[in-house]
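Hello,

Here is the structure I said I would pass on. My notes on it follow below.

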Amino acid sequence: MKTKKSLASAILIAAAVGVVYIIFAVRPLGTEYQFLPEWKIDVTNPTVRDTAEGDTLLPFKLGQSMGYFTPEGKVVRFETFPFKASISRSFYTSYTANNSGTDFWTPDGEKAGTISASGFPMIDGDRIFVFQPGGSAFLMCSGDGSRRWEYSGAVPITAFDSAADSCVAGFADGTVCEFSSDGEIRQRFAPGGSDYPVILGAAISPDGEHIATVSGQTRQRFVLAKKDGVQTKIVFHEFLPSDEPLQQLVKFTSDSALVFYHCKDAIGIVSTRTGKSARLKMSGQAISLQELGNLVFVLTKRGRTYTVYAIEKFATPAGSFSFQADAAFILADGGRLYVGKDSTISCIDIQKK
């Protein structure tokens, strides 16, 4: 009798322990990103239509063509150009090697103004810059194309980036200058550390607090600097494992929390808040970076092979895919990744489930 009672008690205890274990051991299943193709369009055979108020218009530039398309896959602007062009969500323009005056346009095809200065226009958002012949001078234009301010020097400009109220230029002699929106030089410094200190890549954070550079040949170096009053303080640096004498991608995330930079067959990542760093292997030269929520997409190029890498912040690989093309771009917007390949654009919906 005692044996039966002991057995029954043991079974009850085991069952109770099992229930408790199940309750406390259950964890929600991990989520993962899903890449769901939505549509694909051919920009050389567009269904061009008039724009309506409130339309979201996304820019593209592929080879010698450019224009705008909607998230639904309708091309609303399509133009070819013989030499060079610059396009953003705010304006677009094309120009020749010897242009002395350049018209620029809004996405809906309305003329926005004329850039009267000679040189090579660069449109970054709603900001317009012109790099003048000789390579050592540039100017910033107002919204109508008129000259706002100008910088003229003797040393060639080798890297450039802009933010809402400032811009940064890197020079062949290894110096870096930050300019205010009125053209005043806010700071000037030299990252140093290399035998040949040319600036190959430069970026300024959206909040204006940090400047990052890749510089030099023979001991190529990445530097993250922070403004400290009128001084510039280097808060992180590292020598890269090998030299690559090319212009390099350097870009901050929109919240200024991370900075990404290209190094040979890899992408470097540094947190501006903690100083934590990482390096992820990648194939080819990093040429573009786009954000989508907690994901960062990097487009690389090696010959005709383009690869798109997805990185979950801070530095967790989330997938990649490759394709062959002569020209390509990526653009992230509204939970979707748009991938341009030669004459087509594909829309990929990004979901986390």
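Strands β5 and β6 make a hairpin, with four residues between them. (Strands are DSSP runs of E, at least two residues long, and helices are runs of H or I, at least four long, numbered from the N terminus.) β5 covers residues 84–87 and β6 residues 92–95, and the two pair antiparallel over four bridges; pairing requires at least two DSSP bridges between the strands. In this pair, K84 is opposite Y95 of β6.

On provenance: this is a predicted model, in which local features need pLDDT of at least 70 and side-chain atom pairs pLDDT 80 or more, while totals for chains, interfaces and linings use all residues. Residues are numbered from 1 along each chain as its sequence is written, and side-chain values use heavy atoms, without hydrogens or water.

The largest nonpolar core has 16 residues, and F297, V308, F323, I330, L337 and I350 touch the most other members. At least two of its residues come from each of β26 (295–302), β27 (305–312), β29 (328–333), β30 (336–341) and β31 (344–352). Such a core is a set of buried Ala, Val, Leu, Ile, Met, Phe, Trp, Tyr and Cys residues joined through side-chain atoms within 4.5 Å; buried means under 20% relative accessible area, exposed over 50%, partly exposed in between (1.4 Å probe, protein chains only). Another core, of 15 residues, lies apart from it and includes F260, M282, Y309 and A315.

Beyond four places in sequence, the contacts of F297 (heavy atoms within 4.5 Å) include F35, L289, V308, I330, L337 and I350.

C263 is buried, at 1% relative accessible area, and C347 is buried at 1%.

Regards
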